Amino acid sequence: MILELDFNSDTSIYLQIKNKIIKGIASGNLKVNESLPSVRVMAENIGVNLHTVNKSYNELKSEGYLNIDRRKGAIVADLPLKKDNPTMNNNKQDLELLIAKSYLSGISKEEFLSLSDKFYNNCGVKRYE
């Protein structure tokens with residue numbers, strides 16, 4: 001798995017890695033119980049410090065998207081997560097902020113809902129329903 005990162009972005013590298021892995025899981029490109037490259041291999045493949053990849057993997061683990069086993073490495077967790085988990089509550093807060101930003105930037109409710117529907121359907125979420 002090689003991720004394309006934008007080294008000129010204002011978004012930190014560890015966050016770009018984390019977000020790309022989340023999108024990969026949601027789209028079905030990464031399957032439940034699939035192993036990710038080791039921290040060292042991932043870092044070498046994308047040309048970043050191994051601590052950067054380690055931070056991404058650890059946050060993904062703490063949010064419930066990955067399991068980390070000393071022998072097997074990072075593995076996509078059994079998803080979707082159970083209801084009322086801390087990640088769901090954080091995502092609801094993030095969504096509330098995103099809606100406020102969208103409103104303030106001039107995106108209508110109809111456009112927001114249309115875009116949300118499009119992106120939600122493109123994530124492959126139907127396999128989790």
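At what angle do α1 and helix α3 (residues 50–62) pack, and how far apart are their axes? They pack at about 45°, with 8 Å between the axes. Before the close-ups, a word on the model: it is predicted, local features need pLDDT of at least 70, side-chain atom pairs count only at pLDDT 80 or more, and totals for chains, interfaces and linings use all residues. Residues are numbered from 1 along each chain as its sequence is written, and side-chain values use heavy atoms, with hydrogens and water left out.

**View 1. The whole protein, to get your bearings.** Here we have five helices and two strands, in the order α-α-α-β-β-α-α along the sequence. Helices (H or I, at least four residues) and strands (E, at least two) are DSSP runs, numbered from the N terminus. The C-alpha trace spans about 45 × 35 × 25 Å along its principal axes. Of the 129 residues, 28% count as buried; buried means under 20% relative accessible area, exposed over 50%, and partly exposed in between (1.4 Å probe, protein chains only). Take the contacts (heavy atoms within 4.5 Å) between residues at least 6 apart in sequence: 53% of them join residues at least 24 apart.

View 2. An unreviewed UniProt entry annotates residues 11–79 as "domain: HTH gntR-type". UniProt positions are given in the numbering used here, feature names are shortened, and annotations may be inferred rather than shown by experiment. In the model, this span is 52% helix and 12% strand, and its end C-alpha atoms lie 26 Å apart.

**View 3. Where α1 meets α3.** Two packed helices are described by the angle between their axes and the distance between the axes. For α1 and α3, that's about 45° and 8 Å. On the α1 side, the contact is made by Ile13, Tyr14, Ile17, Lys18, Ile21 and Ile22, and on the α3 side by Thr52, Val53, Lys55, Ser56, Tyr57, Glu59 and Leu60. Axes are lines fitted to C-alpha atoms, for helices over the stretch in contact, and angles run from 0 to 180 degrees between N-to-C directions. The two helices are therefore oblique to each other; angles under 35 degrees count as roughly parallel, over 145 as roughly antiparallel, 65 to 115 as roughly perpendicular and the rest as oblique. α1 passes α3 in a right-handed crossing. A crossing is left-handed if the near helix is turned anticlockwise from the far one by less than a right angle, and right-handed if clockwise.

View 4. Helix α2 (residues 39–46) crosses α3 at roughly 120°, and their axes come within 8 Å. This pair is therefore oblique too, and α2 passes α3 in a right-handed crossing. Val39, Arg40, Met42, Ala43 and Ile46 of α2 meet Leu50, Val53, Asn54 and Tyr57 of α3. Val53 sits in α3 and counts as buried because its relative accessibility is 0%. Leaving aside neighbours within four places in sequence, Val53 is in contact with Ile17, Val39, Met42, Ala43, Ile46 and Val48.

**View 5. Gln16 and its polar contact.** Look for Gln16 in helix α1 (residues 13–27). With a relative accessible area of 9%, Gln16 is buried. Its side chain reaches the backbone nitrogen of Asp6 at 2.8 Å. Beyond neighbours within four places in sequence, Gln16 is in contact with Leu5, Asp6, Ser9 and Thr11.

**View 6. Thr87 and the backbone of Glu63.** Thr87 belongs to helix α4 and counts as buried, at 8% relative accessibility. A polar atom of the Thr87 side chain lies 2.6 Å from the backbone oxygen of Glu63. Not counting residues up to four places away in sequence, Thr87 touches Glu63, Tyr65 and Leu81.

View 7. Most residues other than glycine have a negative phi, and most peptide bonds are trans. Asn33, in the loop between α1 and α2, has a positive phi of about 70° although it is not a glycine. Asn33 is exposed, with a relative accessible area of 59%. Leu79 and Pro80 are joined by a cis peptide bond, with omega about 5°. Pro80 lies in the loop between β2 (73–76) and α4.

How values were computed
A polar contact is a pair of N or O atoms within 3.5 Å; within protein, one must be able to donate a hydrogen and the other to accept it, and residues adjacent in sequence count only if both atoms are side-chain atoms.
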